[in-house]
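Me: I have a structure open and would like to talk it through. Can we go step by step, in plain words?

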Protein chains: 2
Amino acid sequence: MSKYFIGLDLGGTKIATGIVNSKDELLASVKVPTQAEDGWEIITERMGDTIAEVMQKAGVKPTEVKAIGVCSPGALDIPNGIVIRSPNLRWFNVPLKKIIEDRFNIPTYFDNDANVAGLGENRYGAGVGSKHMLYMTISTGIGGGIIIDGKIYHGATFGAGEIGHITLDKNGPLCGCGNHGCIEAIASGPAIARNAKERLHEHPESLLHHYTNITAREVSEAAHAGDQYALSVVETAARNIGVVLAGLINTLNPDCVVIGGGVSNMGDILFKPLIAEVKERAIPSFVENLKIVPAKLGGDVGVMGAIALAQSQGNV
Amino acid sequence: MSKYFIGLDLGGTKIATGIVNSKDELLASVKVPTQAEDGWEIITERMGDTIAEVMQKAGVKPTEVKAIGVCSPGALDIPNGIVIRSPNLRWFNVPLKKIIEDRFNIPTYFDNDANVAGLGENRYGAGVGSKHMLYMTISTGIGGGIIIDGKIYHGATFGAGEIGHITLDKNGPLCGCGNHGCIEAIASGPAIARNAKERLHEHPESLLHHYTNITAREVSEAAHAGDQYALSVVETAARNIGVVLAGLINTLNPDCVVIGGGVSNMGDILFKPLIAEVKERAIPSFVENLKIVPAKLGGDVGVMGAIALAQSQGNV
């Protein structure tokens, strides 16, 4: 009987794969370096090998696996399981779903990082029990996933959740997407670092002067050490994210917002002003019982999300 | 056999009711003044009388009606069908669903104006065929409805679609909701009129000087007569709506955006700059095949939407 599910998280530096039984118990997992320089043919074989390995470790035959979930970075053709373009991996039009299905003859489902992370947090992490969940990831970029009744909401062309390119300030800084004032250009990790550097000369007392290279991590470190300037930079970013989040809450009326990505590790110095801004701006009855919480799964979010993807699609 | 559906649109000035058969053909409709001053007991009886009247006109018995849909203004308890508070009607906690079900013994479904208008446009109007539709209404306020697979997306507490209170400019004008810079405070009908009046003294040539009372309607009239200042006021509002709409498109990835409400009657002078702004800001692949169109149902949107509500809920 098909009762096992496998999830695979393909990243620029590592491939992580896991298998669960019908009780959601993780039976085995493996992690190997991606070695992007090897090219797609070798890497897709390597991915398949990790799938074979977790089955072997768990003592499970391919015929016992109901579905495989795969999450991938880059521009994707989600329904057809094709990596259209991944700059990190240097992949173009790699038919990942087909390659895996051809090797194992197991239905394989496929989605992008942010959607899969949202689904993972919904099934295994900070959003357990949420029927209307919004996931936001804040790291190098800002992305999102909308999870309704345990499924990813994809929209018309499988693009829903691109919340990093919501305009916060129409005359704001230039974004990588070519527009001005996207929240990603104002409050992502690199934007926080840029904001910190821009006015650092006005703050000779700031601990940030001790660093040769300032990223969001150093801003966080200084802020946690009590540096007022670094704290103010984080608070500004948090409040700006809060403005955008309030709009999303007014639109989607979720019961839970899970915030992940590297920047979310800043903790209270980020979450407190962010939540305060949301409460000022969102419709009061929408925030009364709303949870706004940090992600829980950390580095396992991709593999657990991919497992959840296999489960949610495999159960259709 | 139950194969008919009835829709009732309760407004501050009129009650409009219609009945369709299983082929979506409108068999009968009636419209009567609400006479809000009569109070809820008489008005709810009057509503019931219009339901009885359309059945009689169509030659349909109550047992042949599968469901009734009702749309109402004000703050609502949607699942329980209670008008919690309607300032226009001066109603508080009126159990509308129960009153109608008690009289006719027909399942009755209940929703707010914007959601029902969106559903109506989706089934009978400008959004026919859309699987992921966003409805936006621009009139005294700005509201919205999200229609996914022919159903209203309600969110966790039945509030989804409150897009008028998305912040466009966090330091912008005060909104009725108490916040600053909501799109409703910047580009609704009253906001357009206010914007026009504010800088009118700088434009002695403007046709708007000929009006004693300037509302969005006069601004539209002057703009259509070629008044450059009035045109610029409309364009600014349209572009501001476009910025917010682009964010919604990036989030929801709809295949169709239908824009209704009085301000949408301005036509091209509104739609052209609005669509231009959306195309500048939304993710290109999301707008490639996206329709952004004016609503089609006009004054009938409430009753046709209420019929669609009866159909979509009655078919569950």
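Me: What should I know about the model and the numbering?
Reply: This is a predicted model: local features need pLDDT of at least 70, side-chain atom pairs count only at pLDDT 80 or more, and totals for chains, interfaces and linings use all residues. Residues are numbered from 1 along each chain as its sequence is written, while chains are lettered from A and ligands numbered from 1 in the order in which they are written.

Me: Let's start with the hairpin in chain B. Which residue takes a positive phi there?
Reply: Arg90(B), with a phi near 55°. The hairpin is made of β6(B) and β7(B), with four residues between the strands.

Me: How do β6(B) and β7(B) run, and how many bridges join them?
Reply: They run antiparallel, and three bridges join them. β6 of chain B covers residues 82–86, and β7 of chain B covers 91–94. For one pair, take Ser86(B): its bridge partner in β7(B) is Trp91(B).

Me: Over to chain A. How many helices and strands?
Reply: Chain A has 10 helices and 13 strands.

Me: Why is chain A called as compact as a globular protein of that length?
Reply: Because its radius of gyration is 20 Å, close to the 20 Å that the globule rule gives for 316 residues. The radius is taken over C-alpha atoms, and the rule is 2.2 Å times the number of residues to the power 0.38. Along its principal axes, the C-alpha trace of chain A spans about 65 × 45 × 35 Å.

Me: How is chain A divided into domains?
Reply: Domain 1 is 4–120 + 300–314, and domain 2 is 129–295. Those bounds come from an automatic or database domain assignment. The C-alpha centres of the two domains lie 28 Å apart.

Me: How many residues are in contact between the two domains?
Reply: 10 residues of domain 1 of chain A are in contact with 15 residues of domain 2 of chain A. Contact means that the C-beta atoms of two residues, placed from the backbone, lie within 7 Å.

Me: Which element gives the most on the domain 1 side?
Reply: α3(A), with five residues. α3 (113–124) and α10 (301–314) of chain A each supply at least two residues there. By class, that side has six nonpolar, three polar and one charged residues. Ala, Val, Leu, Ile, Met, Phe, Trp, Tyr, Cys and Pro count as nonpolar; Asp, Glu, Lys and Arg as charged; the others, Gly among them, as polar.

Me: New topic: the five-stranded sheet. What is the strand order?
Reply: β3-β2-β1-β4-β8 in chain A, an open sheet with mixed pairing. The edge strands are β3 (26–33) and β8 (108–112), and each pairs on one side only.

Me: And in which sense do β4(A) and β8(A) pair, parallel or antiparallel?
Reply: Parallel, over five bridges. In β8(A), Asn112(A) is the bridge partner of Ser72(A).

Me: What packs on that sheet?
Reply: α3(A) does, touching β4 and β8 of chain A, and its direction makes about 110° with that of β8(A). Helix α2 (residues 96–104) of chain A lies across β4 and β8 too, running at about 155° to β8(A). Axes are lines fitted to C-alpha atoms, for helices over the stretch in contact, and angles run from 0 to 180 degrees between N-to-C directions.

Me: Is Leu8(A) buried or exposed, and why?
Reply: Leu8(A) counts as buried because it has 30 C-beta neighbours inside 10 Å. Buried takes 20 or more other C-beta atoms within 10 Å of the residue's own, exposed 12 or fewer, and partly exposed falls in between; C-beta atoms are placed from the backbone. Leu8(A) lies in strand β1 (residues 4–10). Not counting residues up to four places away in sequence, it touches several residues, including Ile15(A), Val70(A) and Ala306(A).

Me: What about Cys256(A)?
Reply: Cys256(A) is buried, with 23 other C-beta atoms within 10 Å. It lies in strand β12 (residues 256–260) of chain A.

Me: Last one: how many residues of chain A are in contact with chain B?
Reply: 29 residues of chain A, in contact with 29 residues of chain B. α7(A) gives the most to the chain A side, with seven residues.

Conventions:
Two strands pair if DSSP finds at least two bridges between them.
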